[in-house]
Amino acid sequence: MFELPVYKIMGFFFLIFIQFFGFNPFLSNICFSLCNCPLIFTFRTVQNLMNWVLFSVAVMAPLMAAEPTVVVVGGGLAGLSASLEIITEGGRVILIEGENNTGGNSAKASSGINGAGTDTQEKLGIHDSPELLVKDTLSAGDDENDKVLVKILAEKSVEAVQFLRNVGVDLTDINLCGGHSVPRTHWIPSPKEGRPIPAGFEIMKRLRTRLNELQEKNPESFRLMTQTKMVGIIREEGKVVGVEVLSAKGEQSKVTGDSVILATGGFSADRSNDSLLSEFGKQTLGFPSTNGAFAKGDGVKIARALGAKLVGMERIQIHPTAFVDPKEPAAGTKFLAAEALRGKGALLINSEGKRFGNELGRRDYTTNRILEHAKPIGEDFQGGSAERNAAIMLMNEATIDAFGRPAFNFYAIVKKFFKKYENSEELAKALNVEYSVIKATLDDYKEIFEGKKEDPFGKKAFPVSAISPHEPIYAAIVVPAIHYTMGGLKIDEHARVIDEQEKPIDGLYAAGEVTGGVHGSNRLGGNSLLECVVFGRVAGRSGLQVATDASRSEL
Ligand SMILES: Cc1cc2nc3c(=O)[nH]c(=O)nc-3n(C[C@H](O)[C@H](O)[C@H](O)COP(=O)(O)OP(=O)(O)OC[C@H]3O[C@@H](n4cnc5c(N)ncnc54)[C@H](O)[C@@H]3O)c2cc1C
């Protein structure tokens with residue numbers, strides 16, 4: 001009578017004990033049932049029970065690794081999306097990140113993520129569809145895109161925006177970015193005052209918070225190794241089973257799992273000895289970059305050495321508008337002048353005071369217009385452009401309000417990229433051009449804005465407001481900068497890395513900017529964050545599936 005509850009209680013603690021140490025929950029439940037079976041009750045002493053427990057642990061120890069483990073390399077949006085997907089589906093993640101913290105270029109993203117057919121668009125009366133996003137993406141990419149991947153990208157875009165909203169990112173404002181038929185780039189509504197909330201930073205913060213919460217619940221589910229660089233991929237008997245890493249102290253070791261997902265980003269800052277920019281885009285080397293120094297294409301190089309096929313490597317996106325810092329006009333790394341600025345009505349003129357293109361054209365179009373029609377700006381005007389071809393970005397109070405004061409104040413007051421002029425006569429003086437020229441430019445645009453005449457550059461959407469020559473005007477110098485690498489590892493619809501023989505490399509997956517094919521010759525704004533979420537999750541599920549199969553076969 002007395003022994004039964006004791007055994008039951010001990011059995012219960014035993015169940016918690018073995019699950020805590022990571023045994024397969026299914027097996028632990030079997031064990032729990034055994035603890036409750038009449039056979040067990042024949043044990044007469046606590047010592048007998050403990051012997052039985054120790055025996056069970058010894059027998060089950062080899063099953064400790066039964067939970068599938070995926071090694072994810074790179075803590076940007078693709079890596080964190082994959083990680084969250086894996087853990088939510090019951091797997092474990094070891095996340096390798098070379099920097100001090102997760103974030104990558106994803107944390108710098110400023111214009112937002114595309115979604116085609118979301119409820120937010122519907123509420124704002126925007127008619128969109130995955131088919132239209134496919135059309136715009138293929139048109140921007142000159143049809144060089146991998147059509148299978150583009151279809152997945154567009155069809156899962158609503159789900160992707162929701163995935164981020166589920167972790168608490170408020171994506172209820174929408175931007176019109178260059179090359180899009182309709183506004184569909186979802187971002188965070190700007191607060192009226194206070195600190196700006198940049199979309200990428202907030203997305204990365206929320207995802208990390210969610211992963212940390214999951215880790216608190218189950219410490220084994222998520223292990224983050226920062227300041228740890230992947231330097232090689234381990235393949236055994238044809239299957240990828242882990243990576244070789246280098247710690248900040250220079251110690252080399254191996255991290256193994258059941259599959260590996262590469263999410264190491266692009267190579268827009270790769271000026272190393274074996275530079276991919278030198279190899280595939282020599283013509284871009286003279287441009288500054290908007291990327292963090294870690295964007296060196298490690299994942300591309302390491303997988304390439306293993307036989308992975310590369311696609312679209314020559315397709316390197318030069319973003320038309322990166323701010324020139326008046327304190328350091330020649331700096332090689334530049335702050336991006338978010339596309340959302342033009343999406344909310346900012347205009348571009350050249351040093352002669354004239355518009356020279358459609359501000360909302362494709363990125364490559366606008367870049368080429370600057371290179372062809374906007375000369376370098378001399379030091380006398382806001383410090384100049386350090387001999388780079390440059391445009392002047394103009395905004396008024398209405399367009400600033402639409403973009404968001406806090407974010408604009410960061411550019412204007414903290415970074416001092418923008419300078420305020422009381423009216424365009426003052427601007428003309430500073431620029432050393434006739435006032436009549438700038439006045440004509442602004443008056444002309446007003447007529448186009450009001451639909452009184454066609455834009456000579458084919459601009460079809462006219463956000464927010466025109467700028468009056470008599471109102472205060474804000475000006476910043478912007479130059480083209482290397483921003484994004486469309487090329488990378490070839491993947492299939494399951495995010496499997498494809499080799500030179502067009503076969504998947506067993507156990508190796510990739511997502512995000514490390515891959516190529518989705519964007520073709522030229523990426524649309526907002527499609528990269530989308531790609532990271534969509535294919536990060538696909539890679540997560542595929543990597544987990546293969547890991548689960550591997551764990552089962554170990555059993
Ligand atoms: C300024 C800026 C603004 C942008 N704005 C937008 C936007 O608004 N919308 C949009 O869609 N796209 C935008 N983009 C593009 C987009 O942010 C990136 O392309 C995308 O976030 C890439 O995500 P990722 O996860 O593939 O790589 P990343 O976010 O770059 O993450 C890669 C991670 O891998 C790590 N890593 C690299 N090599 C190794 C290694 N050997 N070992 C371990 N770790 C390694 C890096 O440290 C990094 O943390 C912007 C880009 C920039 C630079």
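In which strand is the place of T228? T228 lies in strand β7, residues 228-236. The model shown here is predicted: local features need pLDDT of at least 70, side-chain atom pairs count only at pLDDT 80 or more, and totals for chains, interfaces and linings use all residues. Residues are numbered from 1 along each chain as its sequence is written, and side-chain values use heavy atoms, with hydrogens and water left out.

Figure 1. Strands (E, at least two residues) and helices (H or I, at least four residues) are DSSP runs, numbered from the N terminus. T228 counts as buried because its relative accessibility is 8%; buried means under 20% relative accessible area, exposed over 50%, and partly exposed in between (1.4 Å probe, protein chains only). Leaving aside residues up to four places away in sequence, T228 touches I96, E97, G98, V245 and L246, where contact means heavy atoms within 4.5 Å. The C-alpha atoms of T228 and S247 are separated by 4.6 Å, although these residues are 19 apart along the chain.

**Figure 2. The open sheet β11-β17-β20.** Three strands form this sheet, and their pairing is mixed. The edge strands, β11 (310-311) and β20 (515-516), each pair on one side only. Two strands pair if DSSP finds at least two bridges between them. Strands β11 and β17 (residues 488-490) run antiparallel and are joined by two bridges; in β17, G488 is the bridge partner of V311. Strands of a sheet pair through backbone hydrogen bonds, either parallel or antiparallel.

**Figure 3. Helix α12 across β11 and β17.** This helix, residues 298-305, runs at about 45° to β17. Axes are lines fitted to C-alpha atoms, for helices over the stretch in contact, and angles run from 0 to 180 degrees between N-to-C directions. Which residues of α12 are buried? They are G299, V300, K301, I302 and A303. These buried residues pack against β7, β10 (259-262), α11 (276-280), β11, β17 and β19 (504-510). After α12 comes G307, whose phi is positive, near 110°.

**Figure 4. Strand β12 and its partner β16.** Eight of the eight residues of β12 (residues 316-323) are buried. Six bridges join β12 to β16 (residues 473-485), and the two strands run antiparallel. V478 in β16 is the bridge partner of F323.

**Figure 5. Packing of helices α17 and α18.** Helix α17 (residues 424-431) and helix α18 (residues 435-449) pack at an angle of about 130°, with their axes 8 Å apart. The two helices are therefore oblique to each other: angles under 35 degrees count as roughly parallel, over 145 as roughly antiparallel, 65 to 115 as roughly perpendicular and the rest as oblique. The contact is made by S424, E425, L427, A428 and L431 of α17 and by Y435, I438 and L442 of α18.

**Figure 6. Positive phi at E237 and E502.** E237 is found in the loop between β7 and β8 (239-247). Its phi is near 45°, a positive value in a residue other than glycine. E237 is exposed, with a relative accessible area of 87%. E502 is placed in the loop between β18 (496-498) and β19. E502 is not a glycine either, yet has a positive phi of about 65°. With a relative accessible area of 43%, E502 is partly exposed.
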